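Please open the model in your viewer and keep the selection tool at hand, for this tour goes from one selection to the next.

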Amino acid sequence: MKKRYLQICLAVAFGISLGVSAQTDPGTTNLTHQWTFDDGTANDKVGTSHGTLQGAATVSGKALNTLTGGYLSLPAADIAVNTYTALTTEVWFTSGTGLNGGHTMLSYFGETVGTFGANYIFTTPSNGGNCRLAMSCGNTSSPWSAENGINNPSGAIDDGNLHQLVSVIDASGLYYYVDGLL
């Protein structure tokens, strides 16, 4: 199987708004899905896995806006992240200043068991005070105890500025780039 690349310009947490495209077009050779919001929709620009706005989420100004709550739901069966041999996600976002003090998600691929997530991969600008990439598999009763992850040494991102998060997961490990720095 090929390594696959998802460019996700999305946010799935309160207090996050984004709408900036990458400065350099990465091309589409291994790009399987891309949500840019440039046309005012949550449509997939590479594939057909169109998003559905949930709650108070809106798309305006070439951005997914979740400042008033809500999130973007993506069709898991169509995306089928569990079939990938490697996964790269890229998210450009502007956090709301002082709004991400708790546990927020920029991207989350996984399931829900009871009242919490399990068998997941997520990126977050603020998770208990850390900007974090994490994954957990096989433990559905306390998935956080089986979690592997990387924290940004600078802590949470909650400054109201534009940021880029890139996560890479492959057979050799987890890699997390914050504003271009590994």
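Begin by selecting strand E9, residues 107-113, which gives the most to the lining of the largest pocket, with five residues. Helices (H or I, at least four residues) and strands (E, at least two) are DSSP runs, numbered from the N terminus. This is a predicted model, in which local features need pLDDT of at least 70 and side-chain atom pairs count only at pLDDT 80 or more, while totals for chains, interfaces and linings use all residues. Residues are numbered from 1 along each chain as its sequence is written, and side-chain values use heavy atoms, with hydrogens and water left out.

Now show the 28 residues that line this pocket, of which Ala76, Val81, Tyr108, Phe109 and Gly110 lie nearest its centre. On a 1 Å grid over the protein atoms alone, a pocket is an open set of points with protein on both sides within 12 Å along at least five of seven lines, a cavity is a set of points where a 1.4 Å probe fits but cannot get out, and lining residues have an atom within 4 Å of a point. The volume of the largest pocket is about 650 Å³, where a volume is the space filled by probe spheres set on the grid points, which are joined across faces, edges and corners.

If you select Ser107, you will find it opposite Thr123 in E10.

Which residues line the largest cavity? Select Leu87, Thr89, Ser107, Phe109, Ile121, Phe122, Thr123 and Ser167, and note that E10 gives the most to this lining, with three residues. About 30 Å³ of space lies in this cavity.

Finally, select Phe37, Ile121 and Leu165, the residues with the most contacts inside the largest nonpolar core, which has 25 residues. Such a core is a set of buried Ala, Val, Leu, Ile, Met, Phe, Trp, Tyr and Cys residues joined through side-chain atoms within 4.5 Å, and buried means under 20% relative accessible area, exposed over 50%, partly exposed in between (1.4 Å probe, protein chains only).

Conventions:
Two strands pair if DSSP finds at least two bridges between them.
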